Structure formats: C-alpha cells, structure tokens
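Subject: Structure handover

Hello,

Here is the structure we talked about. Please load it first, then read my notes below alongside it.

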Amino acid sequence: MHVVAVVALDGMAGFDVTAACQVFASARLPDGSPAYEVRVCAPEKATAFAVGVRCFDLRAPYGLADALDADTVVVPGVDDITAEAPPELLDLLRAAARRGARIVSICTGAFVLAAAGLLDGLRVTTHWDTAAELARRYPRVEVDASVLYVDHGRLLTSAGVAAGLDLCLHLVRTDHGAAVAADAARLAVMPLHRDGGQAQFIAHTAPVADGASLQPTLEWMERNVHRPLTLDEIAQHANVSVRSLNRRFRLQTGTTPLQWFLKARVRRASVLLETTDLPVEQISTLSGFGSPVTLRLHFRRQMGTSPGSYRLAFRSVPASTPASTPTAPAARSTALAPPVPVP
C-alpha cells in the first residue's frame, strides 16, 4: 500500500497537517479498501507539540524515522518562515528524495523544501503573501505566486490553505483515477475541481460584497459542456451583464468564463477517458469539442499528453461499453463533488 507520511513539527500549520490526513485517509479504492496508509510523524512521537498558532497540541503516533520508507512525504506550512528547519527534517527530506520518494509541500512548507536544497532550478509556488521572501532567500528557485500548485512528478508545491486540499486531491487522482478522487472530494465537501494552473486568490482588490456566488452557473456550465455556450448565454443564466460576469468569474475562479468552460470540457473528456471505453470521436462530441482533432489539441495543451496516452495511464475502473454511453450531465457525477459555494 502507498504510504503517505505527513510531517508534523512544532509551529506547523494545523490545518495543513489535518487536511492532508483527511484527504489521503478518506480515499477508498473501488473495492472499499484504503488507498493509502497515512502516518503523522514528529521528532518524538510521545511528546506533545504545538501546531500552527499554538491553539492546540497534538501527539503523533509515529516518529520521523517512520517517514524514511514512505512513498510520499508531505511537509505542511510553517508559521514562522524565518525559523530554521530542524536538521533531522532536512536530512530526512534529502534522503527521501534520493531514494525516489514523492515530496510535497503545502503553503509555506516550500521554505523547508528550499532549505533542503530540493527546489533549486525548479518552478514552484507557495502562499502569495510569502512568495517574494522565498524568491529573495533562495535565488536559484523560480517562484510563481500566480498558481495553486506546481507538479514536477516527484516534487510538488502548493499555495496556501485550500490549495493544499486541491493538491492532495490531484495526487489521489494521479494515483488512482477520477472516481476515487471524486469520492474523496465528496467526503471533504470540496467544491468543483480546480487545476494547478488556476490563479491564487491574491488580494489585489477587495471582492464585491454582494454575496453573489457563481456556483449554480458553474454547475449549469458543467452540465452543458457539450453545447456551444456564448458569453451572453452564460451571463443570462447568471442574471448579470457580460461585464459583471467577467468580473465575478475573475474574483471567484481566477479565470475568465470561456477559459473556465474550456477547462471544464477537458475535465469531462478526461473523466470519459478514465471511466468508459467510448471512442475518442464520441468523447469529443460529448465534451463539446466537436472533432477529435480539436479535442486532441486542447487536451494536450492542458494535460500535457494525448487522449490515448491519458486513457492508458489513468483508466482505473472497468470501462463501460458503448451501449451504456453516458449523457453529458450523467458523466458529471463521476468527477465532481456535491455543490458547495465557491470560496
């Protein structure tokens, strides 16, 4: 079984520690068995330590040595980015990287990975509020504060708080496919899928205080990816002007309506590739691309591979037959969490 070690040291963000545990521990394979073994590891497993802003203590059931053979090591964010990381943790991360383990940071955990020398020459991300300091302190690291997470395969970094959940669910999807990740997302009551390239919610200007949520419109767009929706149609559904629609999309999703719609089409195609044996021609129609050529073009741009290669790599459940062809709305249930407000 894939072992995930979540490092928990004094001063680390409590949410990051527990969120990673929640996602990986709740993931279940199609037969109901656990997808991961999760270990919370601390320097001294019998000693209580403060987490985050010192609002509670935890006792870890595992010591740092128990992370040595983990397949994935997760480093949560740290409260004080000026504090030096414990040498034993840096040694652990270097050893894990040498043997090929997957190393993951959440939020300011990127400072720990950088201190271990694991980020040199790589494009990474962290919380937007600390990105400039990470870049200043580690000039060999390319810091991108505009995205939710960056995946280099064996080394992944994420932005703050909720982006850590996005990254953990991305790993579940990578390891076990869309259906397993969707179930984990439902248990975590997560919103619609956000990919790593989506913008962080950087505080350039304050959002409008009208309490309006685009969630109903996002769900409607997901159900209608097979249709050629226009900006006017989307704005009409949201009951706003096109100008207001663009502004609200930028505030609530970090992108434009049409860019979000294009990503939703690619998501639909990826789910159908993972969960059915439908031909690419039919998938291109159900996902709104119209032709296999257009599907392949946009799929490669977003996913970095072809639909055929993606199907070979990620189809994780028995495929359906063409006789059970899903309609566009029905396929949505295999990939999306239940409706919750977009943050």
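The side chains of H170 and Y149 make a polar contact at 3.5 Å. The model is a predicted one, so read that distance as a computed value. H170 belongs to helix α5 (residues 162-176). Its relative accessible area is 18%, and the cut-off for buried is under 20%, so H170 counts as buried. Leaving out residues up to four places away in sequence, H170 touches Y149, D151 and L156.

Strand β10 (residues 149-151) pairs with β11 in the antiparallel sense, over three bridges. Y149 has S158 as its bridge partner in β11. Three residues lie between the two strands of this hairpin, and G153 takes a positive phi near 90° there.

Strand β11 (residues 155-158) also pairs with strand β7 (residues 102-105). That pairing is parallel and again has three bridges. S105 is bridged to T157 of β11.

Which way do the side chains of β11 point? L155 and T157 point one way, L156 and S158 the other. All four are buried. In a regular strand, side chains alternate between the two faces of the sheet.

Next, the aromatic pairs. The count comes to three. Two are described here. A pair of rings is described by the distance of the centres and the angle of the planes.

- F249 and W260: the ring centres are 6.4 Å apart and the planes are at 70°, so this pair is edge-to-face. F249 sits in helix α9 (residues 242-253) and W260 in helix α10 (residues 257-275), so the pair ties together parts 11 residues apart in sequence. F249 is buried, at 0% relative accessibility. W260 is buried too, with a relative accessible area of 5%.
- F299 and Y310: the centres are 5.3 Å apart and the planes are at 80°, so this pair is edge-to-face. F299 lies in helix α12 (residues 292-303) and Y310 in helix α13 (residues 307-314), 11 residues apart. Both residues are buried.

W260 has a charged neighbour as well. R267 lies over the face of W260, 5.0 Å from the ring centre. What sits over the ring of Y62? The charged end of R39 does, at 5.8 Å from the ring centre.

Now L92, in helix α2 (residues 87-98). L92 is buried, with a relative accessible area of 4%. Setting aside neighbours within four places in sequence, L92 is in contact with L64, A67 and L68. L92 and A65 are 27 residues apart in sequence, and their C-alpha atoms are 8.1 Å apart in space.

Last, helix α1 (residues 14-26). How many residues does α1 have, and how far does the helix reach? It has 13 residues and reaches 18 Å from first C-alpha to last. That is close to the 18 Å expected at 1.5 Å a residue. The buried residues of α1 are G14, D16, V17, A19, A20, C21, V23, F24 and S26. An α-helix has 3.6 residues a turn, so residues three or four places apart point the same way.

Best wishes

Conventions
Residues numbered from 1 in each chain as written. Heavy atoms only, no water. Expected span 1.5 Å × (residues − 1). Buried < 20%, exposed > 50% of the residue type's maximum accessible area, 1.4 Å probe, protein only. Contact = heavy atoms within 4.5 Å. Pairing = 2+ DSSP bridges. Polar contact = N/O pair within 3.5 Å; in protein donor to acceptor, adjacent residues only side chain to side chain. Phe/Tyr/Trp six-rings, centres within 6.5 Å; stacked < 30°, edge-to-face > 60°. Lys NZ or Arg CZ within 6 Å of the ring centre and 35° of its normal.
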